[in-house]
Amino acid sequence: MHILWGILMMVIGLLMLIWGSAKSEFVVYRILAERSKKLWGDNVHRFYQMAGIAVIIVGILVALKVIGR
């Protein structure tokens, strides 16, 4: 089960990374970016790139059972 959750986290992180890099117009990303813009301003896309990388790393650690139950 760890592998499944790890892969799911990696996919979500990859989407965040891609959407942040492309400054995507996808509805879900636009909603998230608009809410985050209040705190991050013009750096909101860079925030989602870095957050995506962090989620990918955590997903790898979960898949390898380094963290988690």
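At 47% relative accessibility, Ile57 counts as partly exposed, the class between buried (under 20% relative accessible area) and exposed (over 50%), as computed with a 1.4 Å probe on protein chains only. Ile57 belongs to helix 3. The structure is a predicted model, in which local features need pLDDT of at least 70 and side-chain atom pairs count only at pLDDT 80 or more, while totals for chains, interfaces and linings use all residues. Residues are numbered from 1 along each chain as its sequence is written, and side-chain values use heavy atoms, with hydrogens and water left out.

**Overall architecture**

- The chain contains three helices and zero strands, where helices (H or I, at least four residues) and strands (E, at least two) are DSSP runs numbered from the N terminus.
- Read from the N terminus on, the order of elements is α-α-α.
- The C-alpha trace of the chain spans about 35 × 20 × 15 Å along its principal axes.
- Of the 69 residues in the chain, 29% are buried.
- Among the contacts (heavy atoms within 4.5 Å) with a separation of 6 or more, 64% join residues 24 or more positions apart.

**Packing of helix 1 against helix 3**

- Two packed helices are described by the angle between their axes and the distance between the axes.
- Helix 1 and helix 3 pack at an angle of about 165°, and their axes are 7 Å apart.
- Helix 1 is therefore roughly antiparallel to helix 3, the term for angles over 145 degrees, whereas angles under 35 count as roughly parallel, 65 to 115 as roughly perpendicular and the rest as oblique.
- The axes are lines fitted to C-alpha atoms, for helices over the stretch in contact, and the angles run from 0 to 180 degrees between N-to-C directions.
- Helix 1 passes helix 3 in a left-handed crossing, in which the near helix is turned anticlockwise from the far one by less than a right angle; clockwise gives a right-handed crossing.
- By class, the contact of helix 1 with helix 3 comprises 16 nonpolar, nine polar and no charged residues; Ala, Val, Leu, Ile, Met, Phe, Trp, Tyr, Cys and Pro count as nonpolar, Asp, Glu, Lys and Arg as charged, and the others, Gly among them, as polar.

**Packing of helix 2 against helix 3**

- Helix 2 (residues 27-40) packs on helix 3 (residues 44-63) at an angle of about 110°, with the axes 9 Å apart.
- Helix 2 is therefore roughly perpendicular to helix 3.
- The crossing of helix 2 and helix 3 is right-handed.
- Helix 2 contributes Tyr29, Leu32, Ala33, Ser36, Lys37 and Trp40 to the contact, and helix 3 contributes Val44, His45, Phe47 and Tyr48.
- The contact of helix 2 with helix 3 has, by class, seven nonpolar, two polar and one charged residues.

**Helix 3: span and burial**

- The 20 residues of helix 3 should span 28 Å at 1.5 Å a residue, and the end C-alpha atoms of helix 3 are 28 Å apart, which agrees; the expected span is 1.5 Å times one less than the number of residues.
- The buried residues of helix 3 are Val44, His45, Tyr48, Gln49, Ala51, Gly52, Ile56, Gly59, Val62 and Ala63.
- The cover over these buried residues includes helix 1 (2-22) and helix 2.

- Gly59, in helix 3, is buried, with a relative accessible area of 0%.
- Not counting residues up to four places away in sequence, Gly59 touches Gly6, Met9 and Met10.
- The C-alpha atoms of Gly59 and His2 are separated by 9.3 Å, although these residues are 57 residues apart along the chain.
- For Ile57 and Met10, which are 47 residues apart along the chain, the C-alpha separation is 7.5 Å.
- Ile18 lies in helix 1 and, at 45% relative accessibility, counts as partly exposed.

**Backbone: positive phi values**

- Lys23, in the loop between helix 1 and helix 2, has a positive phi of about 50° although it is not a glycine.
- At 60% relative accessibility, Lys65 counts as exposed.
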